[in-house]
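Subject: Structure for your files

Hello,

Here is the structure you are taking over. My notes on it follow below the entry.

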Amino acid sequence: PLAALRVHHGGGAAAGGGGGDGASCEGAGEAFVLGLGSEENASLYSTGSGLPSDHADYAALEVAIEYLTGLEGDFWRKIRGLGLAYSYSIRNSPEQKLMSFTLSRSTDPLRARAAACKIVEDYASGATSLDRAVFDGSIASLAYANIQARGTKSAAQSGQLGPALAGKPCGYDDAQLRAILAVTPDAALEALRRHLVPLMRAETSCVAIVTPLNKAAEVARGL
């Protein structure tokens, strides 16, 4: 048994292709709830406009995402730590120019989403300040991942194939590493305001929730 419900949030920007810079994505303002009798917990998938890899904010956005979602970071403590969801992620797909925020094995997807929204909005407004030690750790984590992916000769050789097939310039990974190391706290916060705030707002994102059947109507009302 299943129940499918649709909710529309008015007042959003006109739907269109993902173009970054806070633009709404296709389907912005729409929310879909699917109730399934076989589900024990809920999952949430929210999409918004993403950035191509050559966008000026790309590296700063990657740092902001790592800061929020890293181990023992804000999402870890205020979402997983409070038992609202077992796992979460924010990902930017440069090829699709699509950004996604996901929650899985959530006991309360509405509270978990509200917690994530508050975290992002508080940084955007200045109500919460960046922790410099955590910020530096986020850059170090991204830099290590970049270098570790090319840690052997075979990995470095195969790592050149993907960028080449995608039409990216030679030395793309090195350029990305330099860009990550050059990101400042102000740049990360500006990327958060321009790209993560729209992802979290109902008017500029598209949300889908899969939930136990007996919770579907309640979740739809909450949206």
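This is a predicted model: local features need pLDDT of at least 70, side-chain atom pairs count only at pLDDT 80 or more; totals for chains, interfaces and linings use all residues.

Which residues line the largest cavity? The lining consists of A64, Y67, L68, Y123, L130, F135, A188, L189 and L192. Two or more of the lining residues come from each of α1 (58–69) and α8 (185–200). By class, the lining has 9 nonpolar, no polar and no charged residues. Here Ala, Val, Leu, Ile, Met, Phe, Trp, Tyr, Cys and Pro count as nonpolar, Asp, Glu, Lys and Arg as charged, and the others, Gly among them, as polar. The largest cavity holds about 60 Å³ of space, and the search of the whole structure finds 2 cavities of 30 Å³ or more.

Residues are numbered from 1 along each chain as its sequence is written, and side-chain values use heavy atoms, with hydrogens and water left out.

For cavities and pockets, a 1 Å grid is laid over the protein atoms alone; a cavity is a set of points where a 1.4 Å probe fits but cannot get out, a pocket is an open set with protein on both sides within 12 Å along at least five of seven lines, and lining residues have an atom within 4 Å of a point. Grid points are joined across faces, edges and corners, and a volume is the space filled by probe spheres set on the points.

The largest pocket

About 350 Å³ of space lies in the largest pocket. Its lining is made up of 16 residues, and Y58, E62, N146, Y172 and Q176 are the ones nearest the centre. At least two lining residues are supplied by each of α1, α4 (132–148) and α7 (172–181). The largest share, 4 residues, comes from α7. The pocket lining divides into 8 nonpolar, 3 polar and 5 charged residues.

The chain overall

The chain has 9 helices and 6 strands. Helices (H or I, at least four residues) and strands (E, at least two) are DSSP runs, numbered from the N terminus. Of its 223 residues, 44% count as buried; buried means under 20% relative accessible area, exposed over 50%, and partly exposed in between (1.4 Å probe, protein chains only). The accessible surface comes to about 11,300 Å², with 54% of that belonging to carbon and sulfur atoms. These areas come from the Shrake-Rupley method with a 1.4 Å probe, and for residues only the protein chains shown count as cover. Among contacts (heavy atoms within 4.5 Å) between residues at least 6 apart in sequence, 77% join residues at least 24 apart.

Strand β3 (residues 42–49) has 6 of its 8 residues buried, so the rest of the structure largely encloses it. β3 pairs with strand β5 (residues 98–106) in the antiparallel sense over 7 bridges; two strands pair if DSSP finds at least two bridges between them. In that pairing L44 stands opposite L103 of β5. β3 also runs antiparallel to strand β6 (residues 206–212), with 5 bridges joining them. The bridge partner of S43 in β6 is V210, and that of S46 is V207.

β6 has 5 of its 7 residues buried, so this strand too is largely enclosed by the rest of the structure. Strand β2 (residues 30–36) runs parallel to β6, joined by 6 bridges. There L34 stands opposite V210.

Y45, in β3, is partly exposed, with a relative accessible area of 41%. Leaving aside neighbours within four places in sequence, Y45 is in contact with S100, F101, T102, C206, V207 and A208. S49, also in β3, is buried at a relative accessible area of 8%. The C-alpha atoms of S49 and S205 are separated by 8.0 Å, although the two residues are 156 apart along the chain.

Positive phi angles

E72 sits in the loop between α1 and α2 (74–80). K97, also a residue other than glycine, has a positive phi near 55°. K97 lies in the loop between β4 (85–93) and β5 and is partly exposed, with a relative accessible area of 38%.

Regards
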